[in-house]
Amino acid sequence: MSTFWKPGTEKPRFVEDEEGGVLFYTSASSSSSGHGYASVERQRQRLPVYKNRTAILYLVETHATTIVVGETGSGKTTQIPQFLKEAGWADSGRMIACTQPRRLAVQSVASRVAEEMGVKLGEEVGYTIRFEDITDAELTRVKFLTDGVLLREMMDDPLLSKYRIEWHLLVFTLLGLIHCFWVPSVIMVDEAHERSLSTDILLGLLKKIQRRRPELRLIISSATIEAKSMAAFFNSSRRLQGRDVEGQGPKKESAILSVEGRGFNVQTFYVEEPVSDYIRAAVSTILSIHDKEPMGDILVFLTGKDDIDAAMQLLAEDSHHRNQGLIVLPLYSGLPRADQDLVFSPTPRGKRKVIISTNIAETSLTLEGVVYVVDCGFSKQRFYNPITDIENLVVAPISMDSARQRAGRAGRVRPGKCYRLYTEEYYVNEMSSDGVPEIQRSNLVSCVIQLKALGIDNILGFDWPSSPSPEALIRALEVLYSLGVIDDDAKLTSPTGFQIAEIPLDPMVSKMILASNDLGCSEEAITIAAVLSLQSIWYSTRGSEKELDEAKLRFAAAEGDHVTFLNVYRGYVESNKSSSWCHRNHINYHAMKKVDDVRKQLRRIAQRLGISLKSCDHDMQAVRKAVTAGFFSNACRIEAFSHNGAYKTIRGSQEVYIHPSSVLFRVNPKWVIYHSIVSTERQYMRNVITIEPSWLPEAAPHFYHRQQLDPRLHS
DNA sequence: GAGCACTGC
C-alpha cells in the first residue's frame, strides 16, 4: 500500500511493525535483503530508540528492573536485545530473552533481528513458540519466545538459574535432553501494558526470582503510562526493606525510561451528542469521510460479527450511491483465512478500502494504509463469574488506553484522523483510564495449577501485579480439589496433580486424558482434547450454513459432539489427510492440521507421563467415561416435563440449553455433560455428550453423593 | 433453529 507514502518520507518497511502488530506482506519485495550492512546500520540508527542506547544500557547495568515506555514504532523490541548483545550481556554462556504475547510477533521480530545482525535465524538469534523451537543449544544467544512458553520452561527450571541448570545438565546430559535449558541474563517482557494472563503471571514470578537471583535483569516494555504502576509493583517489597540496602549489585528500585514513538499525528474528533445507535453512526461517519476527505483507507472498530454484518448491510443498502468507490471488507478472527487476507491486498487506484473490524485490528495485526479510524467506543470483553463458574462475553466500554491505541492505527503512514462515536466529555470524565487486567476477568484453574507446579503454595498470598478476586482463586482451588489435583493442604497430589500440571491444557481436559489410560482410550481422548482446544473444525461461510449442517449430519454420532469429532478425525485420516476431502465436507483443513500438531505434542507428553497410547476402537462407552472423569462438574439433567429442551446443571441448578450447533440439539437426551457454556439470552451448552448418571459418583465420589443423585434418577 | 472479542501452552 505504498500508494500513500509521501516521496522523501519513506521508512524502512520493517521498522514500525514490531510493536505487537504484525505486518502481512503482500509482495515478495518486502524483505530488505540485498541492502548492504551499512544500510541496515543506518536504518537502525534512524530509529528513535537509538538515541537512548547509552541510557538503556546504563539503566540495565545499574538497576534490577528497567521499565521502557515507548510508543509504536520506537524500535525498542528489535533494538534493545541487540544493544544488550553488543554490550556483552550474552557473553560467557549467558542469554538474552525477549517475550511477546503472540506467536506471530515472536516469529517476525526474531527474523528481523537475525536479519539486522546478519546471522542465520536459529543460530545466534532464535525463537521458541509452541510446536516450533528454532534455537540452537550451543549457539543461540538472543532468544525470542511467547510468555506462555517461558512459563512452561520455568516449570522445568523455576529459578531460570545457573546452578540449577548445571545440576540439570549433569542429569540430563545423560538423557540427551540438554536443549531445553538455558541461562538468561536479561529478560525483556514486551507488550506488558496489554496485561495478558500469562504476562501477569510471568511478572509476578520474575519479581520473585529476582530476589533469589539478583544478577538477573528485567526490562519491562510498555506502551502506556501504566508503567508507573508497574514500577510501583517492582519497587514494593513484602520482605524486610533493610536487606536490600546493604547488598552490592544493581539498585532494587526500578528505573523508568521513555522512548519517543514514530507514529504520525492523529487529529481526534468527537460526536457532540451521545449516539443511540453506534452502528448507524459508524456507517454515516464512513460515508461522510468518503464524501469530504482525501483518499486513504478507513478502519472501523465495532464489537463483533453481528455488528459488522449489520454495518455492511447498511452500507450496501445506501441508496444515494455515495458509497461508490468503496471496497468494504469485514475482519474478525472467525473469518476464514482467505477472507481475512483480503484486507491486506492493495487498494486499487481511485478506490477507498473500508475495513470493518473487531478488536483484532487493535493489537493483533496491523493494516498499512489506514488514515481514518472510526471508534465506536465498545468491545466485547470476557468476564468471569466465580459463583456460577461461567465466563460471559459482554459488550463493554473500552478504556482510554484502548481508545488511544485505536486512534494510533490512523497515523502509521501519514497524519490521520480518528472519529470517536462518543463525546469528549465522556472520554475525559467517564472513560476509565485502563482496562481490567485479564487475570481479574478469567477462570483461574490453569493459572493456579501452573503456580502450584512452580512450587508456589500460598496462592492467595502471591504478589500479583493486579490481584485476582479471592472468590475466583477459591473457586479454582475447589475445582482442582474436586479433580484430585490438589490435596487437603492444597498441595499438588502425586502423581495426578503433577501429571495434570505437565499437560498444556485446561486441567479438566488433562484429567480426561489421564483417566483414558485406565479406560484404554487414550488415542481417542487425545484427539478430542486436540479438537476442543481449537475454536472450530468446521468451515463456515455466509450462505452455506445449510450445507454445513448437512455435512455435520454425515459425521453425527448419537453419543454426542465429542464422538462426532472422532468420526471426523477418522474420516480425515482415511482420506490420507486430504484437503479436498476437508473441503467437500465443510471441514477446515488448517484446523485439522492444527489438530494433528496438538495430537503429536500430547502423544509425546502422554508417553513421558507413562500413559500407554491405546485405541478403544468402537467402544464409545470408554470415551464417554473418560469425558465424565474430567467434566463431571458440568453434568446436566433435562427438566421433567420440559417442552423446550431446558436442562438444569447438577451443581448449581442453572437453567441451560443444548446449543443449536450441537448434534444433540433437539435430541435432548436425559443426562449430558457439556464442555463449555456460551451465554447469550440463554445459557447454551457447547459440545455435549450423553452419559449415564451412575458414572458421576464413580468419577467423583466426593463431589456427587449417591443419595443426592438417586431421587432425581427416579423422578 | 442460533451464534463465537482476542490470545496462549
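Q: At what angle do helix α19 and helix α20 pack?
A: Helices are DSSP runs of H or I of at least four residues, strands are runs of E of at least two, and both are numbered from the N terminus. Axes are lines fitted to C-alpha atoms, for helices over the stretch in contact, and angles between N-to-C directions run from 0 to 180 degrees. In this predicted model, α19 (residues 507–519) and α20 (residues 522–532) pack at about 170 degrees, their axes 8 Å apart. α19 is therefore roughly antiparallel to α20 (angles over 145 degrees count as such).

Q: Which residues of α19 and α20 meet?
A: Contact requires C-beta atoms, placed from the backbone, within 7 Å. V509, M512, I513, S516 and N517 of α19 meet S522, E524, A525, I526, A529 and L532 of α20.

Q: Why is strand β2 described as largely enclosed?
A: A residue is buried if 20 or more other C-beta atoms, placed from the backbone, lie within 10 Å of its own. In β2 (residues 95–100), 6 of the 6 residues are buried, so the rest of the structure largely encloses this strand. M95, A97 and T99 point one way, and I96, C98 and Q100 the other.

Q: Which strands are joined to β2 by bridges?
A: Strands pair if DSSP finds at least two bridges between them. β2 runs parallel to β6 (residues 184–189), with 5 bridges, and parallel to β5 (residues 142–146), also with 5 bridges. A97 has I187 as its bridge partner in β6, and Q100 has T146 in β5.

Q: How are residues and chains labelled, and which parts of the model count?
A: Residues are numbered from 1 along each chain as its sequence is written, while chains are lettered from A and ligands numbered from 1 in the order in which they are written. Local features need pLDDT of at least 70, side-chain atom pairs count only at pLDDT 80 or more, and totals for chains, interfaces and linings use all residues.

Terms used. Buried ≥ 20, exposed ≤ 12 C-beta atoms within 10 Å, placed from the backbone. Parallel < 35°, antiparallel > 145°, perpendicular 65-115°, else oblique. Contact = placed C-beta atoms within 7 Å.
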